[in-house]
Amino acid sequence: MSTLGPSFIELSNLRVGFDGIEVLHDITLTIAKGEAVGFVGESGCGKSVTWLAALGLLPGKAQVTGSVRLDGEELRGASHRLLERVRGGRIAIIFQDPSSSLNPVLRVGRQITEAVRLHRSLTVHDAKAEAVRLMDMVGIPDARRRFDLYPHEFSGGQCQRLMIAMALAGQPDYLIADEPTTALDATIQAQILDLLNELRAETGMATIFISHDLGAVAQVCDRVCVMYAGRIVEEGRTADLFDHPRHPYTRGLFDAIPRLNAPRRRLLPIPGMVPSAKDMPSGCAFSPRCPNAVAACLEAPPQLGGLTAGRRLACYQPMPSLSGLGLTETAKLPRYATP
Amino acid sequence: MVRFMLGRLLRAFITIIAVVTFAFVVLRMSGDPSQVMLGPDAPQDAVDAFRHRWGLDQPLWVQYFAYVRSILTGDFGVSMRDHASALGLVLQRVPATLQLTLPAMALKLFLGIPAGVYAALNRDSTTDRAVILLSVLGFTIPSFVMGLLLVLIFSVMLGVLPSGGQDTWVHGILPTLTLAIGGIGILARFSRSAMIEVLTQHYVRTASAKGMSWRNVVWRHALPNAALPIVTLVGFMVGSLIAGAVVVESIFSWPGIGRLLIVSVSNRDLAVVQCILLVIAATMVVSNLLVDLAYGWLDPRLAARRH
């Protein structure tokens, strides 16, 4: 989806370093209003850091450079006022561990009402009514009565629903979901993904979906960015990328998924480990683990470049473009056989 | 909640009984009041008469039950020196002690907690390091050294503050400071680490992520969570409002409970010492109960466990 709507987020040359060590390299990317874009990769590949950096939510010692624009307005280094208006009001975020993301000593209703009042000029009474409506909308049964309960009185899945209600409070255009289902069990995961899909259909809110779960990404996203060691290595429409993974790392991710609709076979793990940010190879970060690596791969990291329409790739030796791997369906099958 | 409170009250009662018993036994095992009161050269018949007068010739357990019976009826005995009511003597001294400990408590709260929170919010800054250094100095220097140090500086060298007595409020400044400094240091240290811990929690990031100003994140989301460990410590401090000034009162000749305790112990004035210990134990127990109540109010998860 390369055509830009009226509203868009634009990251360009975004870099993040901790203690002088760069962990996120040169992220350039545009997300349009209404899109659902997935970010996949292993833990520590920078998928969460990208979006925390975009919202200025990283701890003070992080060095962030590059540019983050919302509708053309620069957010990096912007005033507190502007950032506070954007956070929750234009771009909301939900996190991996819903139970610890809600304040344990404040009533949930108050936490949601607070978010409503931050971004909408409603009276306390109306804001409370709106908070109850939001709790209802995200599927909290008996919302009015449970408004005054504390987070520990809800299950993990319900806490994530409450987080989503809180995220919706400011009527944002973008929702960043940072591994929203990782801490939940499988049936609850499916419910939360369904909820995210429904809300997107109802509100037209763009979804930025961060996950290491390819199945979940396939279920939610139109477009996918695969990240490895702080870089986007491959990007494309979900169906296209899942059917024809070109980066050896992307391919490796798919080969490591068990397939239920095919004969039994050995799972193929990707050999080796992700290099640590401290001793990153000078060439492609994936080269030490890559079956296709050649001399050029060891010299300089490949740039993310256009491949075909809507497709970008950072690789000197991509996998051949096979047709019909049928991975879109495979990735969905193992855990999310939802109707 | 009622069951929880009843349990706590029972525990408080047992604590007080234990303190009373321990004080009773130790006081009687560790020296004979007749020796102190009458002097070492007193004739034997005078000593016998004194011992009979105060019931000291009875077996220990008889004395003990007689004592427990009398305190249960509200009779705390009389001083062996002047036959004044022990409770009256003690209560008479309470205001003087509170004149030192209450302002000291206020200083601890209003300097210690903000200093700690400020240091946590500006972690690794020069201010943070200064707060750590000063608080370590504050609570590692014992109060008798600190008291003498302050006397040396403000009374001897600068000559601006009196070194003892209770004539005007100015006389209270040095003892109050001596009492407060250690507590300020401990509270600053505690508040700092509690706050640092809370600031790394996910809900703090959530509050920022929903667009709340940092100031409100700190006040509304972080501080209420950091309050729990701080309240525990403040509870201890409140518990020692009566007993905490023994050393400092002696250094500054301040006529409070602490001085009375020291004089009464050296005179073996049994009823007075026992009464002081009872009052001290009671304040400790009451402040512990208050801390328990505060926990339930501050942390709904704890309250839930009590139901």
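## Helix crossing

H7(A) and H8(A) cross right-handed (the near helix is turned clockwise from the far one by less than a right angle). Helix H7 spans residues 156-168 and helix H8 residues 186-203 of chain A. Helices here are DSSP runs of H or I with at least four residues, strands are E runs of at least two, and both are numbered from the N terminus.

This is a predicted model: local features need pLDDT of at least 70, side-chain atom pairs count only at pLDDT 80 or more, and totals for chains, interfaces and linings use all residues. Residues are numbered from 1 along each chain as its sequence is written, with chains lettered from A and ligands numbered from 1 in the order in which they are written.

## Packing geometry

The axes of H7 and H8 of chain A lie 10 Å apart, at an angle of about 15 degrees. Axes are lines fitted to C-alpha atoms over the stretch in contact, and angles run from 0 to 180 degrees between N-to-C directions. H7(A) and H8(A) are therefore roughly parallel (under 35 degrees).

The contact includes A:Ile164 and A:Leu168 of H7(A), and A:Leu195 and A:Leu199 of H8(A). Contact requires C-beta atoms, placed from the backbone, within 7 Å.

## Sheet

Chain A has an open sheet of four strands, ordered E2-E1-E4-E5, with antiparallel pairing. Strands E2 (21-32) and E5 (73-74) of chain A are the edges, each pairing on one side only. Pairing takes at least two DSSP bridges.

Eight bridges join E1 (residues 8-18) to E4 (residues 62-70) of chain A. A:Val16 has A:Val64 of E4(A) as its bridge partner.

Conventions:
Parallel < 35°, antiparallel > 145°, perpendicular 65-115°, else oblique. Contact = placed C-beta atoms within 7 Å.
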